[in-house]
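Try each task on the structure before you read the solution.

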Amino acid sequence: MATLPGLSDRQVRERVSSGETNNVKLPTSRSYARIFQENLLTFVNAVFFAISGVFILLRRPSDAIFVAVVIFSGVVIGIVQEIWAKQKLDEIALLSRPHATVIRNGEEINIDPSEIVLGDTLVLRPGDQVLVDGEIVGAGRVEVDESLLTGESDLIVKVAGKPVYSGSFCASGSACYEAQKVGIDTVAYQLTMGAREFRQVYTPLQAEINLIIRILLLLASFLWLLIGISFVSRSQTLNEVVQRAAVIAGLIPAGLILAITLSYAMGSIRMLGQNVLIQQTNAVESLSNVDVLCLDKTGTLTTNQIELYSLHPIACSEPELRSRLGDFAASTQARNRTSESVLIACGGYDKPIRSEIPFSSARKWSAIEFADQPGTYVLGAPEILMKATTLDEESLDYVDRQVNHGYRVVLFAYTPESIADSTLPELTPLGILCFSDQLRPSARETLQGFVKAGITLKIISGDNPQTVAALAKQADFSDDIRLISGAELAQMDEAQFVQAARNYNVFGRITPQQKAQLVRSLRKSGHYVAMTGDGVNDVLSLKQANLGIAMESGSKATRSIADIVLLKDSFEALPHTFLEGQRIQNGIRDVIKLFMVRLCCVALLIFAIAIVSDSFPLLNKHSAIVTLIGVGIPTTFIPIWAQPGELQKRSLVRSMLHFVVPATITITLVSLTVYLFYLVSAVLDLPPNVGLAEIEFNIPRTALVTILVFCELLLIPFLKPPTNAWTGGEPLSGDWRYTIVAVALLVVYLLILAIPPLRVFFELSPLSLQDCLFLGLVAIEWALILRLSWRTRFLDRFLGVDLE
């Protein structure tokens, strides 16, 4: 390639000084200004700040400070963590940035894409991205995939004078192209400026949570409207109205989306410590949903360190076969691991060639016609080349033996004719080559890790089916290996193809198009599919998968479109990665359950108490302490301690009904009963000459806060049952840490009740020991009733559906 002179250093400096460079930046994360804007300037924050301002006007600074501290602490924590995540994401973006190979002063050098200048001569080899728009120069020939630009998967042949566009990539062959458009003028920049910039893309789980939050926002708005009407039509003080508005504002879980987003960000950073690079914001969510993983044999199960194991001459002696193979490998312009291993084993001389057809995964063969001798040499898969030739029984037996031992077998042949296209003339077989590719040392443990994560495995390879099956057996892939070839799949209609994709687990001699079709078929069958790959032939299937996973040593094109890149080719980290995704989503679902129980209870209590007693159940600080002790502090531990496990396939809302609805209804009824009991007691204690307007609500409200805190803390061991005595709403966890946190928080709340300054700050009234014991017994009785309703599946039978 370096026979082209390229630009000189002086020419490069001139173009840099005139601004003709590719130095443009596509944002990979949000700006600092946008982080501050999205965390500060929200509707919910505006409501809370307005409430704080009114509290100050009413000379209630403790309420104002309390509201402001709660909101500002969340905002500050969010901003700090997002800035940290932004810096990590910017560092991560540099890891996957491709490099450019250019010719300058007649030599090939590697530079950053931003250093490309107009007129540069760039080298294009299999797997390389086209980084700027240009035109092929010189004698090279490449096949280019422009599907990322056009959506069409057909390979396009490019020779001298043909244009190439940034955003495409080289599938086979090698050539040089001259940069004619750089920077903002390139096709890729114009198409991807909007797409590459960081944007908030909601995952399926986030979308459902967002819907829940919007519904709660509508409910809060409706209640605020009612409070406004009551303020105008009735004799309520401004202080009472603001207190109620603050409690209603607490119905909106303002930090829920932020907490989930940060959980994903922290998960991404933890995975980076396992040499797993998350390139897409929704990749963690995808990981937790994957139930089928398609593996490419080469580079995943095996180390991709191919060695020429043996030769079997057919129509010539072994020295002559080695000589011809060495010259073939040394002269090809489209080097790959196969040709490199042949060159190492056989030597050879770089001879001038008249024409070359580079290897492609669709053809499964390559050909060279030398300039100094007639005829064409062909190297490719025996099954394909045998359509143009025949092998004797001895050679066929040799092929079968080697294939069944897991070796990769290639046929070398000759024809006196020239080959101008993909049609093979009659061939004369010269010899058979056997290549070995070692299994990864951790392959067996890795496959068992996938099984532990509940993931179905399928191996899809371009190699001989028997070779793939033999390696699968060596890796203890499965006791039931069901094998099918690409040739058999090609004879099937669409329905049969979909059925085969489901039923078979080892696929051999598969073309890139068939790989993509297999992934599409699995997705049509309702599976959430991940695909691993390292070569150009995997690009189509990676794009079709829900989650694309590439190896760091793979082609640049594969890495660029993958959602996840395994740094240092750490295939053994994948099972941990899937478990991490499941752990994150399980933790988030548990957090949402606690949030939803609290929010629904408070909302129902507001309506119920307003109807029954014409009063409002809670003050601002009461709502805050119920939220902080019952939900806020516990939910900081739940995502950290969550355990992986196969996820439920139903929607978030449906999966929560079994836990949330019985808990909400029973807590609301018990809390309402306790509030009314203490309210009636307060009425009966009034002197005869005092009207109902003089009722003291402090004791009933304190009792209500206490029973809510007791019940919410009892929900935590129900959510993560440490023993079978707590099972019913959720399966046995066996983890005592959640229960210990609940007990510790119960002690904290009792201390608040017992210590006068804390009790006064939260506007609680003192409760006697008798009251506390009474409320504790009520909470225990409630827990027994709730457990009974879960175990008898009362709600399921009432609704006539299965909610588990």
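**Exercise 1.** Find out whether Phe718 is buried or exposed in this predicted model.

*Solution.* Start with the relative accessible area of Phe718, which is 2%. Buried means under 20%, so Phe718 is buried.

**Exercise 2.** Work out what kind of aromatic pair the rings of Phe718 and Trp790 form.

*Solution.* A ring pair is described by the distance of the centres and the angle of the planes. For Phe718 and Trp790, the centres are 5.3 Å apart and the planes stand at 75 degrees. Planes over 60 degrees apart count as edge-to-face, and therefore this pair is edge-to-face. Next, locate the partners: Phe718 belongs to helix α27 and Trp790 to helix α30, so the pair ties together parts 72 residues apart in sequence. Trp790 is also buried, with a relative accessible area of 2%.

**Exercise 3.** Describe the surroundings of Glu730.

*Solution.* Then check its accessibility: at 16%, Glu730 counts as buried. Finally, look for partners: its side chain makes a polar contact with the side chain of Lys593 at 2.6 Å. Beyond its neighbours within four places in sequence, Glu730 is in contact with residues including Phe659 and Phe718.

Definitions and conventions
Residues are numbered from 1 along each chain as its sequence is written. This is a predicted model: local features need pLDDT of at least 70, side-chain atom pairs count only at pLDDT 80 or more; totals for chains, interfaces and linings use all residues. Side-chain values use heavy atoms; hydrogens and water are left out. Buried means under 20% relative accessible area, exposed over 50%, partly exposed in between (1.4 Å probe, protein chains only). A polar contact is a pair of N or O atoms within 3.5 Å; within protein, one must be able to donate a hydrogen and the other to accept it, and residues adjacent in sequence count only if both atoms are side-chain atoms. Contact means heavy atoms within 4.5 Å. Rings of Phe, Tyr and Trp (its six-membered ring) pair if their centres lie within 6.5 Å; planes under 30 degrees apart count as stacked, over 60 as edge-to-face and the rest as tilted. Helices (H or I, at least four residues) and strands (E, at least two) are DSSP runs, numbered from the N terminus.
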